[in-house]
Each structure stands twice: as C-alpha cells, then as structure tokens.
Amino acid sequence: MKYVSTRGNAPAQSFSQILLGGLAPDGGLYLPDVYPHFSDADLEAMRGMSYPDLAFTVLSRFADDIPADDLRALVNKTYTPAVYGYGRPDSDYSQITPIRTLEPGLHILELSNGPTLAFKDMAMQLLGNLFEYALNKAGRDINILGATSGDTGSAAEYAMRGKKNVKVFMLSPKEGMTRFQQAQMYSLQDANIHNLVIRGVFDDCQDMVKAVSNDLEYKEKYRIGAVNSINWARVSAQVVYYFKAYFAVTKTNKDKVSFSVPSGNFGNVCAGHIAKQMGLPVDKLIVATNENDVLDEFFRTGVYRPRGSAQTYHTSSPSMDISKASNFERFIADVTARNYAQVAELWSAVDKGQSFDLKAAGLMDKVAAYGMVSGKSTHADRMETIRDVWERYGVMVDPHTADGIKVGMEHREPGTPLVCLETALPAKFEDAIEESLGCKPERPAVLENLEALPQRFEVLDVNVQAIKDLIARHAND
Ligand SMILES: *Cc1c(COP(=O)(O)O)cnc(C)c1O
C-alpha cells in the first residue's frame with residue numbers, strides 16, 4: 001500500500017513511514033493511493049467477527065508493512081474488554097462497541113466506554129501501542145506536543161502513559177474545560193506525562209504548538225511529534241467500528257445503513273467515507289455540526305468557508321467547536337477524483353484565509369454521489385434532544401451525541417437503519433446534562449472520586465520560549 005499526499009507533491013510512503021509523522025512535506029495529508037476493497041465474500045466472512053478480528057482484518061489492509069503476527073499482537077493487546085468495558089455501568093462488558101437500540105431501525109453505537117469516556121480512545125489506544133512498537137523497532141524516542149480543549153489531550157495521555165520511549169507535553173487552557181476533563185488529565189501521575197496549563201484560551205495553546213513545530217531545527221533536535229486527528233493510523237482505526245456497527249444492525253450484506261456523526265475535524269466521518277469506499281454498504285453519512293457550522297454550510301451551498309478562531313463560538317458541545325476541519329481535505333481529494341493539483345489549489349486559498357466554491361466548480365454532484373448530507377444543531381436543540389431521548393427511551397446521551405441524533409433524525413428514512421455514533425459519555429459534561437435534565441449524569445464507579453485525586457500540572461504564560469525550555473529540560477529524562 002502506497003500513501004500519497006492530497007497535494008500531490010510529496011514522495012509516496014508506507015504505513016510505518018507516515019505513522020510517526022504529521023503533514024506531508026508539501027502541506028497535504030497522506031492517504032492511500034487506492035483504497036483497499038472487500039468483496040461480498042470478504043464481507044460475508046467478516047460478519048460475526050469479534051472486534052479484534054475485525055480490526056485485524058481491516059487494519060492489515062492499511063498497515064501492510066507491519067508483519068501480520070506483530071499487528072495481530074498489537075490489535076489483541078489494544079481491543080480488550082478491560083480497556084473498553086468500564087464506561088457505562090450497564091453496557092455489555094463482553095462486547096467492544098455494543099449497539100444500543102432505541103427503537104426498531106434507530107440505534108446508538110457506543111464508542112465511549114474506553115478510559116477517557118470519549119470515542120477518541122478507540123483509535124488513540126491503538127496509536128499508543130503502535131508508537132511504542134515502531135519506536136522500539138527504530139531505537140528512538142519521541143516527545144509528543146499537543147494542544148487540547150478537552151477530549152484529545154486526555155485520550156492521548158491515557159494512551160501514552162507509562163510508554164517507555166514516549167513523553168507527552170500537553171497544553172490546555174486554564175479555562176474552558178469541564179472540571180471532569182481537567183481532573184482526568186491532571187490526576188495522571190505518570191512521569192512521562194506533562195500537563196502544561198496555559199494562562200490563555202485554546203487558540204493560544206494551538207498557536208504555541210504551531211510556533212514550536214515551525215522551528216524545524218528545534219523540532220528535529222528534540223524529536224517533536226504529534227498525535228492530532230490528521231494522523232492516518234487514527235483515521236484507519238476508526239474505520240473498524242463502522243463495519244462492526246453495520247454487521248450488528250443488518251441480517252444480510254444487501255442491506256444498507258446510514259450513520260450520523262457528530263463532527264468537528266471531520267476525522268470520524270471521514271473514516272465512515274473510507275469504510276464505504278472499501279465496499280461497506282453505507283447509504284448516507286450524516287455530518288452533524290453545532291453552531292460552528294462550516295461543514296453544514298459546505299454541504300448545503302458548496303462553499304467551504306473556514307473561519308478564524310475569533311469567529312469560533314464556544315458551545316455546550318465544545319469538542320465540535322472547530323471552524324477548520326483538517327481531515328476534510330482527504331474527502332475533497334476523492335471528490336476531485338484525486339486531482340491533487342486541484343486540491344493544492346483549493347487549499348492554497350484556504351491557507352490564505354479564503355474560501356472555495358465547489359458548486360461553481362461543478363463538483364457538488366460528486367459530493368452527493370458519496371452520500372454525504374449534513375445539518376446543524378444549536379444549544380436549544382441539544383438540550384431538547386437530551387431530554388427527549390431520556391424521556392422516550394430512558395437513555396442519557398451527552399451533548400455531542402445529541403447533536404448527532406438531532407441531525408440524524410432529520411435525514412432518517414423508513415426502511416434504512418440509522419446508527420448514531422456516541423462520541424462521549426454524559427459524565428464528561430455534567431453542567432450541560434444538569435441544565436437539560438435537572439440531575440447529574442451517572443458515572444462509572446472507578447471515576448467516582450476523580451476530582452478529589454491529587455493533581456499534577458504546571459501553569460505557564462503564553463510564551464513560546466518558556467514551552468521550548470521546559471521541553472528541552474525534560475526531553476532526555
Ligand atoms: C473529537 C470529538 C468530536 C469530533 O470528531 P471529529 O473526528 O473531529 O469530527 C465529536 N464529539 C466528541 C465528544 C469529540 O471528542
């Protein structure tokens with residue numbers, strides 16, 4: 001399998017070569033030059049497989065330069081009920097990513113029973129084990145630098161904690177995360193995890209990460225790496241649960257299924273698109289946004305108009321407060337039928353802060369042909385949806401999942417099962433649940449005293465040099 005850049009101007013690479021890197025050297029994102037394909041017979045054989053078996057079957061197509069026995073061991077170590085079974089107390093512990101049926105034809109895919117109670121654990125835990133494996137093999141180490149507004153940072157830290165050749169330096173804003181999210185990250189006592197609390201907002205954190213990464217000499221000297229959502233291994237690991245859900249809600253491979261996906265950086269729904277391209281009988285992929293509706297605007301009008309951080313709203317589904325969807329470039333590469341020069345041209349406008357218009361370019365028929373549709377959910381919508389799902393089905397959903405359900409219902413069609421992806425558990429967003437339902441969400445017993453645990457973090461000003469100095473002091477610990 002060869003990986004090429006969406007902008008067409010970078011050397012082709014193998015899975016292992018792009019595993020530890022970020023953007024391609026031409027500024028694009030890597031993706032397979034051709035998607036692997038599962039035949040009807042393949043799909044028949046995959047129906048009924050356990051999660052680890054499915055993960056191995058899908059991932060071995062992408063990670064074809066990792067010896068099969070090694071990949072199998074990595075997958076088996078990652079996808080265990082012990083890692084993915086302690087989320088919701090009443091979930092089926094024996095099964096990874098169980099389906100919860102609300103009514104015939106309407107389902108929730110539980111993706112948030114991992115250690116940080118958000119779907120990011122599904123891919124990040126595998127990434128931790130893949131990094132450890134690759135670094136051991138290469139005899140090197142890595143210092144992961146990241147910025148988080150909540151879920152990514154904790155998923156990364158729980159995936160990398162205690163790993164020998166990995167250190168994590170995670171910047172988080174002093175304000176903006178929930179108490180639960182803060183406690184989750186800052187209570188980690190592992191020596192290789194560094195929580196850097198910044199006297200600023202999330203965008204300050206992200207700008208500092210960019211500033212450090214743009215210093216190529218420093219980046220090389222201190223072996224700086226990333227685990228952000230453009231990482232191909234993360235996207236490919238997310239493809240797996242679309243297969244798992246499809247088989248769980250259908251009887252034969254002639255049936256089609258639609259998925260509704262709460263979206264921010266477009267990584268999760270991009271994985272659904274890839275699953276469909278690999279032969280999974282997916283009908284619609286429903287892109288749900290919150291008030292930050294740059295993606296919904298694109299699917300409605302053909303105009304992609306990313307906004308600056310100053311125009312990003314802070315909402316009650318904060319993990320979707322994103323106005324520039326990095327993984328979107330991978331989807332558009334397919335929409336242009338892999339016209340990489342065209343993608344490079346479109347994103348040269350985006351990188352200058354401009355927009356592009358695919359309706360004017362005559363490409364919206366292609367977008368529709370891929371089955372992508374969209375919708376937007378507001379604070380009032382998610383409050384009402386949380387209440388409605390609770391009253392009607394006795395199921396408590398988090399604000400992000402509620403956005404997905406709200407928009408999913410707008411596109412639901414009789415006869416086609418609708419699977420709404422659960423992206424976090426309500427326990428992470430207590431205030432929003434309390435506002436909607438007037439009671440606190442349930443929480444897994446192991447996390448009962450989370451906020452009372454001792455916390456470990458350093459508080460820093462918005463100062464790039466201070467971050468660089470701190471990493472330099474610890475990089476060789
Ligand atoms: C990250 C996240 C999202 C958005 O996922 P993308 O892959 O960035 O589109 C949605 N909901 C929750 C809870 C998240 O943590």
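Colleague: Which residue caps the N-terminal end of α20?
Modeller: Asn 463 does that, with a side-chain oxygen 3.0 Å from the backbone nitrogen of Gln 465. Keep in mind that this is a predicted model.

Colleague: Fine. Which residues of α20 are buried?
Modeller: In α20, which runs over residues 464-474, the buried ones are Ile 467, Lys 468, Leu 470, Ile 471 and His 474.

Colleague: Why would residues three or four places apart point the same way?
Modeller: Because an α-helix has 3.6 residues a turn.

Colleague: OK, over to α9. Which of its residues are buried?
Modeller: Cys 205, Met 208, Val 209 and Val 212. They fall within an arc of 100 degrees seen down the axis of α9, so these buried residues line one face of the helix too.

Colleague: And what span should α9 have?
Modeller: With 13 residues (202-214) at 1.5 Å a residue, α9 should span 18 Å, and its end C-alpha atoms are 18 Å apart, so the two agree.

Colleague: Switching to the ligand. How many residues surround it?
Modeller: There are 15, and the closest are Lys 120, Asp 151, Gly 264, Asn 265 and Asn 268. By type, the shell has five nonpolar, eight polar and two charged residues.

Colleague: Which backbone atoms sit by the ligand's oxygens?
Modeller: Gly 264 has a polar backbone atom 2.8 Å from a ligand oxygen. For Asn 265, a backbone N or O atom is also 2.8 Å from an oxygen of the ligand. At Gly 267, the distance from a polar backbone atom to a ligand oxygen is 3.2 Å.

Colleague: How much of the ligand's accessible area does the protein cover?
Modeller: The protein covers 97% of the 390 Å² that the ligand has on its own.

Colleague: What about Ser 172, buried or exposed?
Modeller: Buried: the relative accessible area of Ser 172 is 0%, and the cut-off for buried is under 20%. Ser 172 is in strand β6, residues 166-173. Its side chain makes a polar contact with the side chain of Tyr 186, at 2.7 Å.

Colleague: Last one. Where is Lys 324?
Modeller: Lys 324 is in the loop between β11 (303-304) and α14 (328-335). At 46% relative accessibility, Lys 324 counts as partly exposed.

Terms used
Residues numbered from 1 in each chain as written. Predicted model: local features only at pLDDT ≥ 70, side-chain atom pairs only at ≥ 80, totals over all residues. Heavy atoms only, no water. Near = heavy atom within 4 Å. Polar contact = N/O pair within 3.5 Å; in protein donor to acceptor, adjacent residues only side chain to side chain. Areas by Shrake-Rupley, 256 points an atom, 1.4 Å probe, with all protein chains shown as cover. Nonpolar A, V, L, I, M, F, W, Y, C, P; charged D, E, K, R; others polar. Helix = DSSP H or I, 4+ residues; strand = E, 2+ residues; numbered from the N terminus. Expected span 1.5 Å × (residues − 1). Buried < 20%, exposed > 50% of the residue type's maximum accessible area, 1.4 Å probe, protein only. Arc of directions from axis to C-beta.
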